[in-house]
Amino acid sequence: MALDPTLVGRGYPPSAVYEVGRQKIAEFADAIGAADPVHRDTDAARAAGHPDVIAPPTFAIALTLSAAGVVVEDPDVALDYSRVVHGEQRFTHHRPIRAGDRLVATPTIEAVRSVGGNDLLTTRVDVATEDGEPVCSATSMLVARGTA
Amino acid sequence: MTATVRAADVGVGTELPEQTYPVTRADLVRYAGASGDFNPIHWNERVATEVGLPGVIAHGMLTMALAARAVTAWAGDPGALVEYHVRFGRPVVVPDDDAGARVTVRGKVGALGEDGRARVDLTVTSGGEKVLSLARATVQLA
């Protein structure tokens with residue numbers, strides 16, 4: 001069934017706080033082979049002008065993926081996850097994510113379209129500190145094949 | 001928060017050093033754990049072929065992360081990447097051997113703003129095929 005166009009603009013409550021740990025940043029950097037010391041060594045990060053070790057540019061997906069899952073599981077969206085592939089991804093960074101950040105992720109449905117029998121769902125997840133400082137936005141376009 | 005490449009030293013058409021990254025099944029397992037994306041098509045051949053894929057495929061987000069490495073290695077600061085967009089074209093199939101797949105990243109400056117921001121247009125291939133059909137990264141240069 002094609003997605004309901006009136007879903008566009010629907011917002012969801014902020015996620016629970018995600019506390020960014022040094023070990024998690026190092027683990028993610030290892031997993032993508034990013035050897036830069038700013039991901040592991042606080043002194044190197046400070047020398048580069050950061051208050052603490054910073055995460056690689058796509059690290060936000062570790063918290064925005066599950067935040068976007070809330071949208072996919074919304075009964076009004078009810079996307080068949082077994083048919084879903086990742087179509088597009090965008091990150092807009094206001095500043096790098098860093099160790100010690102306490103982040104909340106807030107999803108919004110940005111667009112729904114049906115193209116060639118596929119449902120396309122675009123979700124934007126805004127990531128901010130719990131004090132409200134914007135950190136980044138992650139926009140994911142998911143394609144549900146053959147569902148429209 | 002400073003890139004080591006100066007905007008004054010860059011022009012439209014400046015090419016980034018080409019990078020090639022190997023991706024093995026072990027890398028996919030490691031990335032699944034680090035990112036929390038445990039979709040079995042990234043580690044289970046049976047499930048991957050059941051859903052019509054040629055085999056286990058890399059996470060699109062891992063390919064995206066590797067392409068970002070090529071950009072930030074050139075710019076000199078992983079914190080310099082301010083905007084990054086990719087469209088996932090075709091999957092990176094990762095064979096069950098020790099060599100795995102290879103992802104090659106080429107980049108060229110497509111636009112340069114007065115604010116010292118460069119838009120890098122990326123060509124990302126594996127096995128000679130484009131795997132990202134649109135990939136653009138904007139970096140704040142020094």
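Helices (H or I, at least four residues) and strands (E, at least two) are DSSP runs, numbered from the N terminus.

This is a predicted model, where local features need pLDDT of at least 70, side-chain atom pairs count only at pLDDT 80 or more, and totals for chains, interfaces and linings use all residues. Residues are numbered from 1 along each chain as its sequence is written, while chains are lettered from A and ligands numbered from 1 in the order in which they are written.

## One side of the helix

Which residues of helix 1 (residues 25-35) of chain B are buried? They are B:Asp27, B:Leu28, B:Tyr31, B:Ala34 and B:Ser35 (buried means that 20 or more other C-beta atoms, placed from the backbone, lie within 10 Å of the residue's own). These residues sit on the same side of helix 1 of chain B because they cover an arc of only 130° around the axis, taken from the directions from the helix axis to the C-beta atoms.

## Where the chains meet

In all, 29 residues of chain B are in contact with 29 residues of chain A (C-beta atoms, placed from the backbone, within 7 Å). Helix 3 of chain B gives the most to the side of chain B that touches chain A, with 9 residues.

Conventions. Buried ≥ 20, exposed ≤ 12 C-beta atoms within 10 Å, placed from the backbone. Contact = placed C-beta atoms within 7 Å.
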